[in-house]
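Keep the 3D view open as you read, and follow along residue by residue.

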Amino acid sequence: MLLGKRLYLALMFVLVSVLGGVLAAGMLAPAFGIAADTARTAVGGVSDLPAELEAPPQWQRSKLLNGDNSVLTYFYEQNRVYVTLDKIAPIMREAQVAIEDHRFYEHGAMDLQGTMRAMVSTSQGNTQGGSSITQQYVRMVLVEKADASGDDAARTAATENTLARKIRELRYAIAVEKEFSKDQILEFYLNMAYYGDGAYGVEAAARHYFNTSAAKLTLPQAAMLAGLVRNPNASNPVKNEAVGVGRRNDVLARMAELGKITPAEAAEAKATPFDQKKVKPFRNGCANSEFPFLCDYALRTLQKTPSLGATPDERLDRVMRGGLTIKTQIDPKAQRQAEKRMSKTIAAKDPVISTIVMLEPKTGLIRAMAQNRQVMGDNKDSKGRDKWKGETFYNYAVGKDMGGADGVQGGSTFKMFVAAAALEQGYGAGTSFNVKAEKNWEGETFQNCSGPFKVYGKWDVTGTRSEVGNYDMWRGTAQSVNNYFAALEQVVGMCPVVNMAVRLGLQSAIGENIVKLYQWRPSFTLGAVQVTPLSLVNAYATIANRGVRCDPVILKSITTSDGAPLAVPDANCRRVLNAGIADALNKIFQGPIYNGTLTSAQIPGYRLAGKTGTVPDNKSAWAIAYTPDLAAGAMVSYDNNGRFAKYWKARGKRFLRYVRLPDSHTVLSGYGSDVGQKLLRPSMQAALNDIDEHSSFTAPDSESINGEQVSVPSCSGMGVKSCEAVLKDAGFLTQRSYKFDESPANTLISTYPRGETGKGSQITLTISKGPKPEEPTTPPPTEPTDPTQPPKHRR
């Protein structure tokens, strides 16, 4: 073994001597070399290098920004922030050169003196590195190139202690020295070096260990960082402070020995303690970010962004290594308020799920997306055992393809789609029906995309006891009258209704074809589809934006490290509904806010429109409100996870109806008004307050709001059945009303309304019950008789 070591040293001596002579004579030209870039990436092409040997760009972390430019998180495999040499403190440069290669500015690619000294020291049993800064940089690039390509063999070749590796490094180093200045090489080195504890490059290291920048490093800080490069894990002051401080002091002593600092400066720096409180933990990825589910949605979107690469893996690599700046429109104040309200109202461990979603109607940009389970995790304890902590990996606001769950039924929020289809078909806001509080629609005829069909089986539509009598679209919407909208859906037809929902942006959470499946289900008007909260809020945002639909987007912009823009997914804003119809809907749906079921969501200073939604048996409750500048929705639903099956079974069919949640102890009514008050209003108000300029709703034109006015056929001289047939042929619904009249029973007395009325309105036929019976007469009272006296005789 000793013979082998001596032979290796002898060969190295011969090699160094030969190379030294060649270098001195200026006769050695590199056959190939290492590549390096400009100050931005430290890597580029050298004309005499084969393409396969060009070094990859230095990996830089990407940052995901909120709408106010604060950092939501960083994405990286190597936490690096590239800075130019003028942004690195001179004392840092001096410290690094002093400890690693103090003759760096005096020698060429190889320091012959340093190499010889290292060989002698090593032969005496004291292993010492002799590589120049340029040679070390070459090794770093080769290792990073191997890591980038996943080439384990190349990585081994770049780090093995062999003569072949030394020769290869030297040849590359010569090429680097030929191509770049010493200052450029030092800049590349300081940005590529690993400083331990996950910090790559001097800027990331300065921020991590000292919460400062590379430009502001002090002498003791610079000395500590410089000492980490040779053995970053062992010298890490966070994990082993004594070793880290000792290594720093070695650097200070070396700087003093070389005359870079005075002995007094060295002594003062050595006396400076390392402040663990200044260490700033790295925030990498989404699980550790402030808003993990928003972050995860952004990351999943990035993996679907073509400008970042051809495949999801390529795009993820670009995000993790490319130094990108990724901007969103997330409003951190509104997001925090939404999460705060959620936490105060519904606990993560409660047997319910809840979401709040807010976005901009005019751009589709998401501003907030909160849920009651705010921690991303697997509900395991420290030993890996199951423990319910209210953690989840589901984003309950989105579909399964973006990390969501099974979705939630929308309840009466779907009445918007029926109203929109009705107005588009020419049925005005005055379209009225005489409704009952309860009605079984079994056997009734509806129209789907293929033609008429009957409702088979019992379909009981119920409402409150007060929901009786004549309702038009104004009152039917404000009071959310179920049987009014079932009747409206019947005259409009299922095909226009379900197509309208899809046009406006509604999506099934589990990928169902809404038109195909639900054109057969009149219960659609009561929200029978499992939808994503994000798509339902977006559908309302389309109405807010006067019929222009912008798809929900999370990315506002992406720029590279040199400031070049990259394309982000387009919101694809396009008109899907006539502006006049949307204006009419915006007017009609102000009813629930100011005279109906959602008065609890009123926000002083802002004019809102919106709607509540309650799913049968109170399984879910919704509140959606919007202005032209912001659409927001809040939802609470029972959690059908098997973990809570016993709890919900014990409640029977009451579900959320006046439930006292077991963990938060909050009492929920199970209705949308409650959700509007507890969750929607405070969250939306915070978001509205952060919008600089506000728009107003546009007043609807009379044609859009009143619909098509048609003549009511005369039924003069007709019998009841003949009149009903004529009216139905003209597109009207009919209902019978009876009263006493001098005409014979079952005679048609009149119809109302007469003249012109809204298309499809319900016409009331007043029918005679015959003459009113006379009131029975009561005989006058007789005088009482005394049975003991004989009767009186008339005279």
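This is a predicted model: local features need pLDDT of at least 70, side-chain atom pairs count only at pLDDT 80 or more; totals for chains, interfaces and linings use all residues.

The strands under discussion belong to an open sheet of five, in the order E2-E1-E5-E17-E18, and the pairing is mixed. Which strands stand at the edges? They are E2 (71-75) and E18 (565-566); each has a single partner strand, so one side of each is left without a neighbour in the sheet. At the E18 end, E17 (residues 557-559) and E18 run antiparallel and are joined by two bridges. There you can find Ile 558 opposite Leu 566 of E18.

Now to the aromatic residues. The structure holds 25 aromatic pairs, and two of them are set out here.

| Pair | Centre to centre | Angle between planes | Type |
|---|---|---|---|
| Phe 446 and Phe 453 | 6.4 Å | 35° | tilted |
| Tyr 626 and Phe 697 | 5.9 Å | 85° | edge-to-face |

Why is the pair of Tyr 626 and Phe 697 edge-to-face? Its planes stand at 85°, and the label applies to angles over 60 degrees. Tyr 626 is in strand E21 (residues 620-626), while Phe 697 is in the loop between helix H24 (672-689) and helix H25 (702-706), so this pair ties together parts that are 71 residues apart in sequence. Both Tyr 626 and Phe 697 are buried.

Arg 475 lies over the face of Tyr 471, at 4.1 Å from the ring centre. In the case of Arg 521, the charged end sits over the ring of Tyr 518, 4.6 Å from its centre.

Finally, a look at the whole protein. Its secondary structure comes to 26 helices and 29 strands, and 53% of its 795 residues are buried. Of the contacts between residues at least 6 apart in sequence, 69% join residues at least 24 apart. The accessible surface comes to about 36000 Å², with 50% of that belonging to carbon and sulfur atoms.

Note on methods:
Residues are numbered from 1 along each chain as its sequence is written. Side-chain values use heavy atoms; hydrogens and water are left out. Helices (H or I, at least four residues) and strands (E, at least two) are DSSP runs, numbered from the N terminus. Buried means under 20% relative accessible area, exposed over 50%, partly exposed in between (1.4 Å probe, protein chains only). Contact means heavy atoms within 4.5 Å. Accessible areas come from the Shrake-Rupley method with a 1.4 Å probe; for residues, only the protein chains shown count as cover. Rings of Phe, Tyr and Trp (its six-membered ring) pair if their centres lie within 6.5 Å; planes under 30 degrees apart count as stacked, over 60 as edge-to-face and the rest as tilted. A charge sits over a ring if NZ of Lys or CZ of Arg is within 6 Å of the ring centre and within 35 degrees of the ring normal. Two strands pair if DSSP finds at least two bridges between them.
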